[in-house]
Amino acid sequence: MSTQQENYLQQRIDKDSSYKNLLQFPKYFEIETVNACNARCPMCTIGDWKRKTPTMETGLFKKIADEIAENRETVKRVSLYRDGEPLLDKKLPDRITYLKEKQIKRVGIATNVSLLGKTRARNILEAGIDEVILSVDSLQKPVFEEMRAG
C-alpha cells in the first residue's frame, strides 16, 4: 500500500491515530447476544431480521470474549447490544460477569427499559455492568407509546 493510500485511510478513519495503530486489535466492540426485541419501534429494522437463533450460544460468546480479553489492555469498551433488546437475554448477568472476570474495563448495554425491573437491575449491577444507556424517546405517554410500540 502506498503512503498516499495510508494517509487517506488514516484521515478517513481516525485522524488522531497512526496508520499502524489502525491495524491493531479493535478498541470498541458491540456484541449482540440477542437478536430479538419486545418492541416494534417505527425506526427499527426488526422486520428485516432473519436469524434462526435469536440468542447467542454461550460457547460462541466465550470464544469472542476470550479473544477480546487477550487484548484487554487496548480494549476500551464492550457493548452487549446492537439492534436487539439485551434484557431479553436471560444469560446477560453471566455474560457481564464473564467479561469483568476477564478484566474488561468497560461493559455496557443500551435498553428500551421496559424489562428493567428491580431484580433484573440488581442482577446486572451485581454482575459488574459499567454503563447502562436508557433509551426513552419521550416522557409524554402518547409520544412514548407511539415511538416504543409494543
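D66 and K102 are joined by a salt bridge, their closest N and O atoms lying 3.2 Å apart; the term stands for a side-chain nitrogen of Lys or Arg within 4 Å of a carboxyl oxygen of Asp or Glu. D66 belongs to helix α3 (residues 58–70), whereas K102 sits in the loop between α4 (92–101) and β3 (107–111), so this pair ties together parts that are 36 residues apart in sequence. Helices (H or I, at least four residues) and strands (E, at least two) are DSSP runs, numbered from the N terminus. D66 is partly exposed, with a relative accessible area of 26%, and K102 is also partly exposed, at 27%. Here, buried means under 20% relative accessible area, exposed means over 50%, and partly exposed covers what is in between, using a 1.4 Å probe and protein chains only.

The structure is a predicted model, in which local features need pLDDT of at least 70 and side-chain atom pairs count only at pLDDT 80 or more, while totals for chains, interfaces and linings use all residues. Residues are numbered from 1 along each chain as its sequence is written, and side-chain values use heavy atoms, with hydrogens and water left out.

How many salt bridges does a search of the whole structure find? The search finds five. One of them links K100 and D130, with 2.7 Å from N to O. K100 lies in helix α4 and D130 in the loop between α5 (118–127) and β4, so the pair ties together parts that are 30 residues apart in sequence. K100 is partly exposed, with a relative accessible area of 24%, and D130 is partly exposed at 33%. Another salt bridge brings together the side chains of R95 and D89, again with an N to O distance of 2.7 Å. Are these two residues buried or exposed? R95 is buried, with a relative accessible area of 3%, and D89 is buried too, at 2%.

R95 leads on to helix α4, where this residue has its place. The buried residues of α4 are L92, P93, R95, I96, Y98 and L99. An α-helix has 3.6 residues a turn, so residues three or four places apart point the same way. What covers the buried residues of α4? The cover includes α3, β2 (77–79), β3 and α5. For R95 in particular, leaving aside residues up to four places away in sequence, the residues touched are T33, T55, M56, E57, T58, F61, L80 and D89. Touching is counted as a contact, meaning heavy atoms within 4.5 Å.

Just after α4 comes Q103, with a positive phi of about 65 degrees, although Q103 is not a glycine. Q103 lies in the loop between α4 and β3 and is exposed, with a relative accessible area of 52%. V113 also has a positive phi without being a glycine, with a value near 75 degrees. V113 is found in the loop between β3 and α5 and is partly exposed, at 25% relative accessible area.

On the surface, V132, L134, V136 and L139 form a nonpolar patch with about 400 Å² of accessible area together. Patches are made of residues with over 30% relative accessible area and no salt bridge, with like charges joined within 9 Å and nonpolar side chains (Val, Leu, Ile, Met, Phe, Trp, Tyr) within 5 Å. Accessible areas come from the Shrake-Rupley method with a 1.4 Å probe, and for residues only the protein chains shown count as cover. Where does L139 lie? L139 lies in the loop between β4 (131–134) and α6 (141–147), and this residue is exposed, with a relative accessible area of 86%.

The chain as a whole can now be described. It has six helices and four strands, which follow the order α-α-β-α-β-α-β-α-β-α from the N terminus on. Its C-alpha trace spans about 55 × 35 × 30 Å along the principal axes. Of the 150 residues of the chain, 32% count as buried. Among contacts between residues at least 6 apart in sequence, 65% join residues at least 24 apart. The chain exposes about 10000 Å², of which carbon and sulfur atoms supply 49%.
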